[in-house]
Amino acid sequence: MSVRGGVRAAGVGLAGLLLLGACTGGGEPASDGPSAAAAGGPSPSSRPAEAPPCLPDGTTAAAIGPEDDPTLVAWRGSGTRAVVLAPQNQGGPCQWADQLTRLSDAGYLVASFSWGSDSAASLLGAVAVLRSVGAEQVALVGASKGGTYVAALADEVDAVAVVALGPPADFDGVDARAETSTYDGPLLVVASTNDGDVAVGSSRWVSRLDDPTTFLELPGGAHGVELFATAHRDQVQAAVDGVLAQGFGG
């Protein structure tokens, strides 16, 4: 089953799991005071966790999903405009530490996460956590596998903008091609000409082939988050910021 065909079921399953956790003592006891979400902490349907030391001061973390296969969600910042940073395969929030810091310092509520065995549920859960702490609009940014998933799930989470860095058009059966997506908001795919992990032609399919402004090809062989460690760092960051500004309305 494709992600687009099965993600709604995954979302329902995740919501049910979180509700079950809240009802069986997995969350904080109810009180007459402000909710954890209102206070900026983990939502009642998630479990407080320790933020990785690679992340900046002011980062909050929570575990969601099964206790034997949790997804760690770490976030920083506040406000209604949120950005979810999806890591590469087998990666986690530390891959995005610099960008999480930069974007939260710019005024966004920003999260990254680790992958559980149900990758779609991990991304959906990260979005749900941000919505529980005040997000009203959510943009998705992902690298490699993360880029595939943010493109594939953009329409399911009502994303206001999508950026994918070096995404394969297909990852383990997840179809990220723009031609199969109903998402029609701001989109940018960035890829390196000589990327040795994902062919530039595969990433191009994630962009809109009839709209060249949705694809940025850069010289070199940097893959995914490595693009932020090259001479093109400023160009990539400016491109990301431009798409976010477009999605959030300036």
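Is Asp105 buried or exposed? Asp105 counts as exposed, at 57% relative accessibility, where exposed means over 50% relative accessible area, buried under 20%, and partly exposed in between (1.4 Å probe, protein chains only). This is a predicted model, in which local features need pLDDT of at least 70 and side-chain atom pairs count only at pLDDT 80 or more, while totals for chains, interfaces and linings use all residues. Residues are numbered from 1 along each chain as its sequence is written, and side-chain values use heavy atoms, leaving out hydrogens and water.

Here is a friendly tour, by topic.

**Nonpolar cores**
- The largest nonpolar core holds 43 residues; such a core is a set of buried Ala, Val, Leu, Ile, Met, Phe, Trp, Tyr and Cys residues joined through side-chain atoms within 4.5 Å.
- Helix H4, spanning residues 119-132, gives the most to this core, with seven residues; helices (H or I, at least four residues) and strands (E, at least two) are DSSP runs, numbered from the N terminus.
- Trp75, Val84, Leu130 and Leu140 are the residues with the most contacts inside this core.
- Val84 touches, among others, Phe113, Leu123, Val127, Leu130 and Leu140, leaving aside residues up to four places away in sequence; contact means heavy atoms within 4.5 Å.

**The Arg76–Asp105 pair**
- A search of the whole structure finds five salt bridges, each defined as a side-chain nitrogen of Lys or Arg within 4 Å of a carboxyl oxygen of Asp or Glu.
- One of them joins the side chains of Arg76 and Asp105, at 2.9 Å from N to O.
- Arg76 sits in strand S3 (residues 71-76) and Asp105 in helix H3 (residues 97-105), so this pair ties together parts that are 29 residues apart in sequence.
- Arg76 is buried, at a relative accessible area of 17%, whereas Asp105 is exposed, at 57%.

**A network around Arg177**
- Asp175 and Arg177 form a salt bridge, with their closest N and O atoms 3.0 Å apart.
- Arg177 also forms a salt bridge with Glu179, where the closest N and O atoms are 3.0 Å apart.
- Through these shared partners, Asp175, Arg177 and Glu179 are joined into one network.
- Asp175 is buried, with a relative accessible area of 18%; Arg177 is partly exposed, at 29%; and Glu179 counts as exposed, at 55%.
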